[in-house]
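Here is a short tour to read alongside the sequence and the 3D view.

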Amino acid sequence: MKPSKGFRHRTRKVLKKHIRERGAVPPLSLLMYEYKPGDKVYIIINPSVMKGMPHKRYHGKVGTVIGKRGKAYIVEVRVGGKTKILFVRPEHLRPVPPEALTPPKRE
């Protein structure tokens with residue numbers, strides 16, 4: 001029997017939640033966060049929400065919001081020298097803190 005090649009193929013470890021987060025719905029503060037074009041975001045896949053889920057290869061990547069379509073955000077991600085356009089719902093996005101964008105100062 002051939003193994004399946006589905007969308008969640010070989011994602012057991014990548015999409016695993018911590019024991020304290022299992023069964024929890026995404027917090028409202030995360031869903032109601034308004035991203036503006038140009039904002040940097042982390043793509044952290046929430047495995048309990050199937051809608052608007054990006055492919056597993058984009059988990060942990062940093063992207064730039066370039067717009068909004070419906071409830072989903074249009075995120076531009078650079079992978080392997082190419083830029084990809086993703087349509088990702090806010091359940092799978094986290095804002096990048098501004099201190100993470102500035103390089104550390106050398107003394």
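This is a predicted model: local features need pLDDT of at least 70, side-chain atom pairs count only at pLDDT 80 or more; totals for chains, interfaces and linings use all residues.

Residues are numbered from 1 along each chain as its sequence is written, and side-chain values use heavy atoms, with hydrogens and water left out.

**The whole chain**

- The protein chain has two helices and five strands, where helices (H or I, at least four residues) and strands (E, at least two) are DSSP runs numbered from the N terminus.
- Reading from the N terminus, the order of elements is α-β-β-β-β-β-α.
- Along the principal axes, the C-alpha atoms fill a box of roughly 60 × 35 × 35 Å.
- Of the 107 residues, 30% count as buried; the cut-offs for relative accessible area are under 20% for buried, over 50% for exposed and in between for partly exposed (1.4 Å probe, protein chains only).
- The chain exposes about 8300 Å², and carbon and sulfur atoms supply 55% of that area, by the Shrake-Rupley method with a 1.4 Å probe; for residues, only the protein chains shown count as cover.
- Among contacts (heavy atoms within 4.5 Å) with a separation of 6 or more, 54% join residues 24 or more positions apart.

**The nonpolar core**

- Which residues make up the largest nonpolar core? Its eleven members are Tyr-35, Val-41, Ile-43, Tyr-58, Val-65, Tyr-73, Val-75, Val-77, Leu-86, Val-88 and Leu-93.
- Strands E1 (40-43), E3 (72-79) and E4 (82-88) each supply at least two residues of this core, and E3 gives the most, with three residues.
- A nonpolar core here is a set of buried Ala, Val, Leu, Ile, Met, Phe, Trp, Tyr and Cys residues joined through side-chain atoms within 4.5 Å.
- Val-75 is found in strand E3 and counts as buried because its relative accessibility is 0%.
- Beyond its neighbours within four places in sequence, Val-75 is in contact with residues including Val-41, Ile-43, Val-65, Leu-86, Val-88 and Leu-93.

**The largest pocket**

- The largest pocket holds about 220 Å³ of space.
- Of its 17 lining residues, Lys-17, Glu-21, Asn-46, Pro-47 and Arg-94 are the closest to its centre.
- A pocket is an open set of points on a 1 Å grid over the protein atoms alone, where a 1.4 Å probe fits and protein lies on both sides within 12 Å along at least five of seven lines; lining residues have an atom within 4 Å of a point.
- Its volume is the space filled by probe spheres set on the points, which are joined across faces, edges and corners.
- The lining has ten nonpolar, three polar and four charged residues; Ala, Val, Leu, Ile, Met, Phe, Trp, Tyr, Cys and Pro count as nonpolar, Asp, Glu, Lys and Arg as charged, and the others, Gly among them, as polar.

- Ala-24 lies in the segment before helix H1 (28-31) and is partly exposed, with a relative accessible area of 36%.
- Not counting residues up to four places away in sequence, Ala-24 touches Lys-17 and Ser-48.
- Although Arg-10 is not a glycine, its phi is positive, at about 60 degrees.
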